[in-house]
Amino acid sequence: MMTPMSFVDDALAGCRVIVEFPEGGVADWIVAGEVLLQEGLRAWALPAGSLTLLPEVLALFGRRARVGVSRVLDADGVRSAVAGGAHFVTSPLAGADLAEAAGALPFLPGGLTPQEIADAARLGRGAAQVVPADIMGSGYSRTLPALLPGVELVATGRLEHYQCDLWLEAGARAVGVQGVLLLSEEHDAQANEPGELRRRCQQFADLKGN
Amino acid sequence: MMTPMSFVDDALAGCRVIVEFPEGGVADWIVAGEVLLQEGLRAWALPAGSLTLLPEVLALFGRRARVGVSRVLDADGVRSAVAGGAHFVTSPLAGADLAEAAGALPFLPGGLTPQEIADAARLGRGAAQVVPADIMGSGYSRTLPALLPGVELVATGRLEHYQCDLWLEAGARAVGVQGVLLLSEEHDAQANEPGELRRRCQQFADLKGN
Amino acid sequence: MMTPMSFVDDALAGCRVIVEFPEGGVADWIVAGEVLLQEGLRAWALPAGSLTLLPEVLALFGRRARVGVSRVLDADGVRSAVAGGAHFVTSPLAGADLAEAAGALPFLPGGLTPQEIADAARLGRGAAQVVPADIMGSGYSRTLPALLPGVELVATGRLEHYQCDLWLEAGARAVGVQGVLLLSEEHDAQANEPGELRRRCQQFADLKGN
């Protein structure tokens, strides 16, 4: 159940799953983007290292998808994302300079421990990204929201469906999925064929939000 | 073996196990409290969200138990605990404003990483809470005390008996136990019957301190 | 593949494995040191608590080995290591005062989360120690270097050979090995016989650097 007008809902236009594109992109990203949209996964993040793709992605998909920039590490990176027209920006770090550089653009700072998440939420208008959420084990999905009940959490990492489900059930506002949908093999980082991508997206259909 | 006059021993009157009541309390908390006392578990923590219970708990048990307030997140929360007559206050966070708000009342700040624990210990007169300790795996009970030999540690989380034992054996001053004793099922958060609670307390009898 | 002139390569003279001596030392440390050198493991760290051994170790091995001091927790500790002639200093913590006390001596600050590693790298001329790296699970060896591509990482902990391999493969500049080589049993902390130490060192031969 979502409270209306939350910072994260607003930034993601109600989506609860952010699909993060791999560093270096996917060769057939236009096909991949169409599959994601058809399956209702409308919030995407391009890693800061693939910022050159942003104008084209926005031109083709910018009206149908929320396209953010993730993995930004410094204020310059935030400014580049703002200048490129990103819909939101995320970082694994929390820094006042990054938040300031974002200006009016929704900025989601990151952290890992309860202290870091509390610090990030103070910068991020009450919202923070837990990253890399997969590293902390699935028990953290239950523990962290209970420790910091006032924070809007977005759990990001190589999260399988069941882990996304645990985080959302425990009150996280959204999840950020790295690798699992778009890549066939974690180590080889090979992109999935459109059919396989569609099949994986359908497994996430119950989580996708409105 | 306990060094006399440690900050934690003082705050907990020599107890080595803090039993944390669940958020929202336990329906038969008077019966639960009597069982805990009979089994020698005399240090309790009420979560900040259940602060309204504090006056009654203190009136009934305040002479026989050490009753603290846990999960406090800000200076206002600390002040409420002080005003309510708590015997000690704990937080998953470390903030100079929280420590200051505690004044003379024993305050145990929290952290998770070695850096955070070192920072917390500086605020907490040499003592810090490791929270959520269960998330870091049992190897951390051995690694952390060796990295920070000068810090009085209190490991807090959903800790089973063997995990409490590992932390205390490795030099932690005390452990904070969430859920495991008072609740029958982690997910359903249903309170244990007095007989079951007593049975579980007896499993912890060897750890309870003096 | 190593980029020449990195801070860590420079500090460790090209070694990729730092062997950390146990707190309290090893009785036959002269024999142990000879075995390490014969097997090509030429970067060592003495924990700050064993600083009294440093002059003798340097007198015997200082021309053939890089001998650092690890587990330093404060600026005084750093100054003692500098005064004792250590070749480098490491800490599980990151503090500007520690970095300043190191002066021209290579200082490797530590952290655990991405935020802490980013903070440490800012102090440590682009390099940081991940400690205790074993606690975060082996997935972290892949995730952390991808999140912070600009940081020279040294992963330190009770790392088995396969874990060292994962970190180095993923781009870590070096690893710090506690216990695994020199000690036969993690709990009993008994030193390995020279033959057993040699056998273990040979397992690490493929990682040792130039």
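A: Helices (H or I, at least four residues) and strands (E, at least two) are taken here as DSSP runs, numbered from the N terminus. The model is a predicted one, in which local features need pLDDT of at least 70 and side-chain atom pairs count only at pLDDT 80 or more, while totals for chains, interfaces and linings use all residues. Residues are numbered from 1 along each chain as its sequence is written, chains are lettered from A and ligands numbered from 1 in the order in which they are written, and side-chain values use heavy atoms, with hydrogens and water left out.

Pro132(C) lies in the loop between strand 7 (127–130) and helix 7 (140–147) of chain C. The peptide bond between Val131(C) and Pro132(C) is cis, with omega about 0°.

Strand 7 of chain C is covered on both faces. Ala127(C) and Gln129(C) are buried on one side, and Ala128(C) and Val130(C) are buried on the other; buried means under 20% relative accessible area, exposed over 50%, and partly exposed in between (1.4 Å probe, protein chains only). In a regular strand, side chains alternate between the two faces of the sheet.

Two strands are said to pair if DSSP finds at least two bridges between them. Strand 7 of chain C pairs in the parallel sense with strand 6 (residues 110–111) of chain C over 2 bridges, and Val130(C) is the bridge partner of Gly111(C). From strand 6 of chain C the chain passes through helix 6 (residues 114–123) of chain C to strand 7 of chain C in a right-handed β-α-β crossover. A crossover is right-handed if, with the strands pointing away from the viewer, the path from the first strand over the helix to the second runs clockwise.

Strand 7 of chain C also runs parallel to strand 8 (residues 152–157) of chain C, to which 4 bridges join it. Here Val130(C) has Ala155(C) as its bridge partner. Strand 7, helix 7 and strand 8 of chain C form a right-handed β-α-β unit.

Both of these bridge partners, Val130(C) and Ala155(C), are in contact (heavy atoms within 4.5 Å) with Trp167(C). Leaving aside neighbours within four places in sequence, the contacts of Trp167(C) also include Ala133(C), Tyr140(C), Ser141(C), Leu144(C) and Pro145(C). Trp167(C) is among the residues with the most contacts inside the largest nonpolar core, which has 194 residues. Such a core is a set of buried Ala, Val, Leu, Ile, Met, Phe, Trp, Tyr and Cys residues joined through side-chain atoms within 4.5 Å.
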